[in-house]
Structures are given as C-alpha cells and as structure tokens.
Amino acid sequence: MFDDRLSKGRRRGRAALTALVIAGVGAALIAGSAFFPTLVEAKKKELRTEVPPGELDDYYGFFSGGHSGEVRVLGLPSMRLFKRIPVFNLDAGSGWGVTNESKAMMGGLVTGDTHHAHASYKDGTYDGKYLWINDKANNRLARIRLDYMETDTIISIPHAQGVHGIFPQRYPQTDWVILNSEFRTPLHNDGKGDIRDAASYNGVHTVVDAHDMKIVCQVMVPCNLDLAATDYQGKYSFATSYNSEGGATISEMLAKDRDWLVVFDWDAIKDGLKKKDYKVVDGIKMLDGKPGSRYAIYVPVPKNPHGVNVSPDGKYAVCSGKVSPTATVVAIDKLADAFAGKIEPKDTIVAEPEIGLGPLHTTFDGRGNAYTSLFIDSQIVKWNIQKAIDLYKNPKKDDTAVVDRLDISYQVGHTMASMAETKEADGHFLVSLNKISKDRFLNVGPLKPENDQLVDISGDKMRLLMDEPSYIEPHDCIIVRRDIVEPHVKDRADMDEHPLAVHKNAIERDGNKVTVHLTANAPVYGMQEVEVNEGDEVTFIVTNHDEIPDLAHGFCISDYGINFVVGPFQTRSVTFVANKPGLHWIYCTNFCHALHLEMRLRLMVKAKA
Ligand code: K7E
Ligand code: CUA
Ligand code: CA
C-alpha cells in the first residue's frame, strides 16, 4: 500500500516537472486556463490573484509570529497557511519544547517575541537555504533550515536587551547576520553599580557568523538601535535609533527633533578586529562605535525613526520618523565620503518627502517606487524615489512624489512586497500587516485577529485583493519566489544526521538510567513492551523508518505529558523520570495506517517496594 503511495508520489513529481518544462517553453500550451501558472506569464499578462484547487502558489511567505514565538509559512497569492514552524514556543502539535532536541535549543524558555524573518542571500537575492528570526523577549537569534523548515540553532545575544532589528548580509553572500538592541542597558548588567544612571547605558550592534552561529563581535554605541538593514555591497549595515537622547522615559526619548540613522562600516569593523582594537567583555570582542569613531556615522533623521529599508537597486536607505510625516532617503554612494570626513553625515540625505502620518516601514516594487506603511493614517502610500530626490533639490509648490494611496484596515505596521528585500524585487504583490481588523471578520470576542491584507501593486494604482485574519502578531514577513525555495525542500530527513538514529531496537540499563532505542514503522513500534522501575530516568529515542513522504508517527506516553512527532527518517528523543507507577500505554498520535490505533506499546512502571 505504501509502496504504491510512494510511486504515485514519484509519478506526480514527474508530471509536475513536465508541466514546468512545458510552461517554460511557452504558456500558449496551457490553453483554456484563466490563470497564469508561472511568474513569466504573470509578468507578460495580468497578475494571477487566485490559486484554484490543485494548483500551487507562486510565492512562499515567511511571516513572523510575534509573541506566539513562531514563524509561519504561507503561500501567496492564496494567503493559505501551510505550516507553523515552532521556534521559541512550546508547540504541542509537533512536540517542540517536549523533545530533548528542541529543549537543548530552547534553554528552558517557552516564550519568545519574533519580529523579523530574513532569509539567506547570495549575490543580492535569496539562495533558499536559511531563515533567521529574532526573539526580542529573551534576546536570542534562531536559524531555521529551509530544507526541513525546522529550527536548527538558537543562540543568546549577550549585552543586549530588546534584540529587535536583524538583517543578513546580502552580498556576496550571507556570512554575517547583524542584530540591534532596541533597549539600552548597562554593559555589565549584573545589578552592581548605579543601575539608575541611564546616561551610562549602551546599545550594541551584534555581528553573528551565519555559518557557525557564533558571535563575531559587538559594536557598542551610546544610543539605542531599533530596525536593521544591510546594503547590497557587503560594506554597510544600518540601524535606526529613536533614543539619541539617551532617555529612560517616553518624554525624554521624544525630546529632540532629530534622532539618528546609524551606519556601520564593515571594512572598518574587520580592520578593527584584525588590529585588536577592542575590549574583550565576557568573552565577546567589543568595539567602540561612539560618535567620532571610525566604525559608525550618525545621520540625523527626523524624530523617532522606526523602519529602515534599502532599495532593490542598492542605492538608497529609506527610513521614516514615527512622529514626522516624512521619509528620509540616504544615498549609499555618499557614505564613503561621510566616513572619510569629506562631507557631514547629514549631507548623505538626498530626499525627505512628506508622505503621511505615522510612517513606519518601506518596501519597493523594483520600478523605482517605494511603499511606506502609515500607522496613523491607516494607509499604504506609494511614492517615487527619483521624484522625491528631484523635488528635494528643486522644491516645487503643489508637486509631490506621492503617486497613490491605499486605505487599509487598519493601523499597518510592516508592509512587504514580493522579493522586495532582494535585487529581484518584482512588484507583483504587497502585504500590509495590519494590527487591527476591527469589523472585517466575524466577532470572536474582545481579542480580534490581526489583518494581513494582500495588495496587487503591478499596476499604477494599488488594488486590495484579500483580507486574511492572523494570530497575534505578525510584525513582518518576506515574500520569496517559489522556485528559489522549493528545490531545496526535502521530503524526508537524512537519517544519519542525528547521532542517535536508531537502527536496532534495544534497551540499555545503567543503574537507574534506562535508554530505549525504538524504531517506528507503520503500524508498529520496534518493541511491544518496555518495563522500568519507578524513579528510573528513562530516555526514549525514536527513529521513524518509514520513507513515505509525510508519513509521520507520534509518540505519546499516557499520563506523562509527553507527546511528539517523528517525521520520515527523523529521530527524536525524550527524557523523563518514571515517577508514575503502573501501566502507561504509549501510542502513536499521527494517523499513519489502517492499523494506526493498534500502533502502541506497553510502558510498565513497577512500583517501588
Ligand atoms: Cu515595526 Cu518589531 Cu519591525 Cu513591529 S517592528 S511593526
Ligand atoms: Cu504510527 Cu499512527
Ligand atoms: Ca528621540
């Protein structure tokens, strides 16, 4: 039966491949369809905005799950939710936070606050290998491998609180990932000394090695660092700072009319590391990026800036002040002169168009237009970057860089267009990630869903396509072309990647430690019974030997609070103290076979004498 399913799967795979080849040769062959299944066609004709049953989406959307602590994988344009990847959260559906493998990464924490999901790059576009996501709550960075779409590493970021903006290096490939600390803290945050003295607090710009996930160095700054971006040359990273005042209260943080866009010079950082121009603080190389240092320049931008995004042509960094109705455009090719002291940091600003109230984040269509989210106005505003630059040079009364406005529902945070964080921005779709849905969905109590709205940006005017409710609270997302990710995604694990993969069923006893090596093969576990003594420390290591795509087994121990899922060729383990004597059936929780209900074994815990 399962062999049959496998070969059917293979046949389907071949059919899909054939379809792809045909589509490449010419879409004329796909006659009779109102939809245009390939991106090539979407560019030539009108944008397809529906995905009928049986067809696949054109894009993967990787959405942050906010304080749910997870990452979500959606398809666009359908906006269907395919998968929730547990990262910092307890996930009963998969056993994340239950298995030894996940617990080892989570460090005893089951909460997180994810904001920014960004994928790995090669030469300015995604390579489909990894995704990084921050945990603002507990100051961590996680990496998700996209072949399994599972978290593979979580690290803690020292000397940092409110780890918020993150961004991978875009060129020549992702070797570094940078992170910002939104909250300033004492460098040695051990409660000793004067912790009330806000003037002594610091922010840090952290550089992480994307390959081994170790911290390369930190650059200390006197201000806070909020959102982050990298350039398309591998030379600079950017961070907005809304607390240039160094305040500890909201009124102090709002004192000045301008704060900063801080720009970090990567060549200088690399040189500083080589010349050992750092202190070692708790084992971390700490460079001093204070104003006047060679590591950072401070571009004065309007009041309390939030987002910073780099245009897909690599020319401009665009940020916006939450309490200023403007966006600020910084020319990246002027930064070298500013670092060299030939011009002032403020002279790198080439435009400051007035766009609307509460501007937060900006995205791009690859045709020279920027789309900025306006939290207070509840709008996406489309504006032309070159026109903004021209008008900044030669102001004309009654002329504006604004091209179009779209009312959204309501109070948008991030907005992201398809492929917009790459040099291949294609200007097809945009998602407006709104904080409030208000009257757009059936009422579900005082706490309503958020509303992620899908917008067609392929024409002159933006066109609202869809409202999609979502759970608290996606801050940000990226939209990645299907052909970049799909070839990397595997149907089964590489069994021997797990050092404990079970090839032979066995029980080992070492004093009161019992290790059970167990295979799972529909519809049986490799053993029908296991006997232990009350108080034993028991470890079950379970390997799924079914190679059928998606044939997962569960492993649930009755009354022990243990349940997890093991995918094809995957190994998962759990360790617990057998503190409840008696018979406890272990059963499979994934409906895997006609005899799935019989897939169980007896765990017999003999009571202490
Ligand atoms: Cu604007 Cu955390 Cu990116 Cu929320 S952040 S919106
Ligand atoms: Cu295995 Cu159900
Ligand atoms: Ca401020």
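F364 stands opposite A370, a residue of strand β23. This pair belongs to a predicted model, and it makes a handy way into the part of the chain described here. Strands β22 and β23 run antiparallel to each other, with four bridges between them. Both sit in an open, four-stranded sheet, ordered β22-β23-β24-β25 and paired in the antiparallel sense. At the edges are β22 and β25, the latter covering residues 402–407, and each of these pairs on one side only. Ignoring direction, neighbouring strands of this sheet are turned by 20° against each other on average.

Helix α7 lies across β22, β23 and β24, and runs at about 65° to β24. The helix takes in residues 385–393, of which I385, A388, I389 and L391 are buried. Looking down the axis of α7, these buried residues fall within an arc of 165°, so they line one face of the helix. As a rule, an α-helix has 3.6 residues a turn, so residues three or four places apart point the same way. As for what covers the buried residues of α7, the list includes β22 (359–364), β23 (369–374) and β24 (379–384). It also includes β19 (316–321), β20 (327–331) and β21 (349–351). At the start of the helix, N384 has a side-chain oxygen that reaches to within 3.1 Å of the backbone nitrogen of Q386.

Elsewhere in the chain there is another open sheet, this one with six strands and mixed pairing, in the order β8-β9-β10-β11-β16-β15. Its edge strands, pairing on one side only, are β8 (161–168) and β15 (279–281). From one strand to the next, the twist averages 30°. At the β15 end, three bridges join that strand to β16 (residues 284–288), and the two run antiparallel. Within this pairing, V280 stands opposite K285 of β16.

Zooming out, the whole chain holds eight helices and 40 strands. The radius of gyration is 26 Å, close to the 25 Å given by the globule rule for 609 residues, so the chain is as compact as a globular protein of that length. Along the principal axes, the C-alpha trace spans about 85 × 75 × 50 Å. Buried residues make up 56% of the 609 in the chain. Of the contacts with a separation of 6 or more, 59% are between residues 24 or more positions apart.

Technical notes
Residues numbered from 1 in each chain as written. Chains lettered and ligands numbered in written order. Predicted model: local features only at pLDDT ≥ 70, side-chain atom pairs only at ≥ 80, totals over all residues. Heavy atoms only, no water. Buried < 20%, exposed > 50% of the residue type's maximum accessible area, 1.4 Å probe, protein only. Arc of directions from axis to C-beta. Contact = heavy atoms within 4.5 Å. Polar contact = N/O pair within 3.5 Å; in protein donor to acceptor, adjacent residues only side chain to side chain. Pairing = 2+ DSSP bridges. Axes fitted to C-alpha atoms, helices over the stretch in contact; angles between N-to-C directions. Rg over C-alpha atoms; globule rule 2.2 N^0.38 Å.
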